[in-house]
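Please keep the sequence and the model in view while reading.

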Amino acid sequence: MAVCSSSSSSSSTGKAWIVHSILAGTAIAVAIGAHAYLGRARKFRTRVVGIIPARYASSRFEGKPLVHILGKPMIQRTWERSKLATTLNHLVVATDDEKIAECCRGFGADVIMTSESCQNGTERCNEALEKLEKKYDIVVNIQGDEPLIEPEIIDGIVKALQAAPDAVFSTAVTSLKPEDAFDPNRVKCVVDNRGYAIYFSRGLIPFNKSAKVNPQFPYMLHLGIQSYDSKFLQIYPKLQPTPLQLEEDLEQLKVLENGYKMKVIKVEHEAHGVDTPEDVEKIESLMRERNLS
């Protein structure tokens with residue numbers, strides 16, 4: 001029995017060493033893998049270009065990019081604000097109109113001429129990306145009708161996409177004002193508990209049984225700015241239009257309907273987009289209040 005006990009003890013000790021070695025080896029492998037991953041993460045989607053798509057023709061407001069806001073073309077104001085973002089390596093205007101191009105060159109912007117056949121700003125950004133000499137990892141689509149865009153929002157969506165390898169798209173939302181709840185020009189958004197988009201709509205979402213705005217619910221308004229992984233941006237134009245995209249006339253729905261993930265950040269920002277001629281006066285009044293020239 002003594003011999004058997006000694007053999008059993010030796011066997012147990014051997015097994016313990018084997019288990020210990022396996023665990024130690026696993027720990028070392030994990031450490032090496034984590035270091036390699038972090039090394040890649042530091043370089044993940046580092047090269048960023050901002051593109052401001054602009055077109056002259058518009059069913060709601062023709063010539064909108066060139067409308068003057070307190071003495072400057074709106075496209076210039078958007079460009080000047082965007083230049084303040086720290087994450088952008090380069091900034092360009094993408095347009096199919098010579099009048100817009102001439103205006104932009106006049107205040108020092110780089111311009112990429114694009115086709116009139118582009119269906120939306122995303123496709124225009126993709127065409128501009130293909131024509132740029134340098135390669136970029138992230139493309140930020142900056143709406144030309146946001147003359148008061150905060151550079152911190154640009155930086156925020158870039159960093160959100162850099163931190164979410166499973167996402168191909170990022171965008172921003174802010175609190176929805178009750179008076180904008182049923183305005184179809186104000187796009188609403190709902191997200192999951194990890195900050196990924198579930199849906200966008202021109203209608204109020206979520207919509208309750210009373211058919212009224214719930215003053216206690218934190219409705220979210222989509223801000224037009226968005227960023228894409230550049231490889232996905234090359235895929236986007238090849239995706240067929242989807243039913244929800246066509247019904248809502250919202251290009252980001254094609255991304256969701258095809259199963260791609262979209263990261264959403266919440267920011268404190270009043271929406272000051274220009275959708276109609278009446279919005280110009282609102283923007284100018286706000287700029288006077290803030291002493292912005």
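Asp137 is buried, with a relative accessible area of 15%. The model in which this value was computed is a predicted one. A search of the whole structure finds 11 salt bridges, and Asp137 takes part in one of them, with Arg47.

**Asp137 and Arg47**

- The closest N and O atoms of Asp137 and Arg47 are 2.8 Å apart.
- Arg47 counts as partly exposed, at 42% relative accessibility, whereas Asp137 is buried.

**Arg81 and Glu150**

- Arg81 forms a salt bridge with Glu150, and their closest N and O atoms are 3.2 Å apart.
- Distant parts of the chain are linked by this pair: Arg81 belongs to helix H2 (residues 74-82), while Glu150 is in the loop between E6 and helix H5 (151-162), 69 residues apart.
- Arg81 is partly exposed at 24% relative accessibility, and Glu150 is partly exposed with a relative accessible area of 22%.

**Arg124 and Asp96**

- A salt bridge joins Arg124 to Asp96, with the closest N and O atoms 3.6 Å apart.
- Because Arg124 lies in helix H4 and Asp96 in the loop between strand E4 (90-95) and helix H3 (98-106), the pair ties together parts that are 28 residues apart in sequence.
- Arg124 has a relative accessible area of 3% and is therefore buried, the cut-off being under 20%.

Notes. Residues numbered from 1 in each chain as written. Predicted model: local features only at pLDDT ≥ 70, side-chain atom pairs only at ≥ 80, totals over all residues. Heavy atoms only, no water. Salt bridge = Lys/Arg side-chain N within 4 Å of Asp/Glu carboxyl O. Buried < 20%, exposed > 50% of the residue type's maximum accessible area, 1.4 Å probe, protein only. Helix = DSSP H or I, 4+ residues; strand = E, 2+ residues; numbered from the N terminus.
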